[in-house]
Amino acid sequence: MQQIRRNRRLRTNDAIRSLVRENIITPHDFLVPLFIVEGKDVKEEIPSMPNYYRYSLDLLGNEVKELWSLGLKSVLLFVKVPDHLKDNKGTEALNSDGLMQRAIKTVKEAVPEMLVMTDVALDPYSSYGHDGIVEDGQIINDETCKILAEMSLSHAQAGADFVAPSDMMDGRILSMRELLEKENYKNTGIMSYSAKYASAFYGPFRDALDSAPGFGDKKTYQMDFANRDEAIKETLMDIEEGADIVMVKPGLCYLDMVRDIRDVVDVPVAVYQVSGEYAMLKAAAEKGWLDHDAVMLEQIMAFKRAGAQIIASYFAKDVVKLLN
Ligand code: PBG
């Protein structure tokens, strides 16, 4: 047969490639993680995350204004808690004048329209560096859920739009949703880290917050990275319990799950390109082994192609500057 179908016709030049492109990246795709510390005039680079910083509250407002001016409209807040405020139950997490609660207000004062999401987990507050309460070397599920629910309420009261539980306790979404409803925070959303794997890619993040587990690992609550079906189960359960947005984490190694989940759920799907993914590209680019910007865009596009509607990424600012 004579060749009549030629795929290269649609790749001839930039104009035709643009016309038939199936996915595009926009600033609206991103959720920007922000690390916050106590102190004044602090903008400190995280050693294992080049060009990424922890900010004190007095500098946070300006950073948020810059993000807004770039078209980045959503942030995800994390706090680094001083050691002397850590204990087994994460008591400081419920302090209405705690760092997180003040950070939420600071962002809202600087840019009232900015969507504020907050990390909900005990690890930055835990003297053991675990996401739950420790008893006899075990992470206690149900007691932890109660605290996570109160933590969510405290964030909502400070002005958070969405709470984002990253702990992987069973039943935490339901505990949180029930308390928020009861206290009349009906419009506070929940973005669940529903398929969160026990991953070695979180290393630099734990440096950033000084939150590495003091003993053992997180394999009794975060998922085994050998599993696919389990991620679907986790995600569907979280939606039943009231999650408004579900998330897959980490990102690049888990694109199969992003697609599988996108195909079966009726809520938006987020992906988290985590700290170790960021560090890998920075390191390779520093050595001159990879073209930083080109690889960055290729990776972000991969998330979109896989089906992610929201991308939490430390590259958000870099990407948007490049797009402009
Ligand atoms: C805390 C939390 C972690 C991350 C987000 N929330 C670390 C962990 O679970 O140990 C990782 C994010 C990243 O690596 O960028 N529960």
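Predicted model: local features only at pLDDT ≥ 70, side-chain atom pairs only at ≥ 80, totals over all residues.
Q: How are H8 and H10 oriented to each other?
A: The axes of helix H8 (residues 255–264) and H10 come within 8 Å and cross at roughly 30°. Angles under 35 degrees count as roughly parallel. H8 and H10 are therefore roughly parallel.

Q: How many nonpolar residues are in the contact of H8 with H10?
A: From H8, the contact takes Leu255, Val258 and Arg259, while H10 brings Ala302, Phe303 and Ala306. By class, one of these residues is charged and none is polar. The nonpolar count is five.

Q: How are H10 and H11 oriented to each other?
A: Helix H10 (residues 292–306) and helix H11 (residues 316–323) have axes that come within 11 Å and cross at roughly 105°. An angle of 65 to 115 degrees counts as roughly perpendicular. H10 and H11 are therefore roughly perpendicular.

Q: Which residues of H11 meet H10?
A: On the H10 side are Asp293, Met296, Leu297 and Ile300. By class, the contact has five nonpolar, two charged and no polar residues. The H11 partners are Asp318, Val319 and Leu322.

Q: Is leucine 179 buried, exposed or partly exposed?
A: Leucine 179 sits in helix H5 (residues 172–182) and touches Ala149, Ser152 and Leu153, not counting residues up to four places away in sequence. It has 19 other C-beta atoms within 10 Å, and a residue needs 20 or more to be buried and 12 or fewer to be exposed. Leucine 179 is therefore partly exposed.

Q: What is the radius of gyration of the protein chain?
A: The chain holds eleven helices and twelve strands. For 324 residues the globule rule gives 20 Å, and the chain comes close to that value, so it is as compact as a globular protein of that length. Its radius of gyration is 20 Å.

Methods:
Residues numbered from 1 in each chain as written. Axes fitted to C-alpha atoms, helices over the stretch in contact; angles between N-to-C directions. Helix = DSSP H or I, 4+ residues; strand = E, 2+ residues; numbered from the N terminus. Parallel < 35°, antiparallel > 145°, perpendicular 65-115°, else oblique. Contact = placed C-beta atoms within 7 Å. Nonpolar A, V, L, I, M, F, W, Y, C, P; charged D, E, K, R; others polar. Rg over C-alpha atoms; globule rule 2.2 N^0.38 Å.
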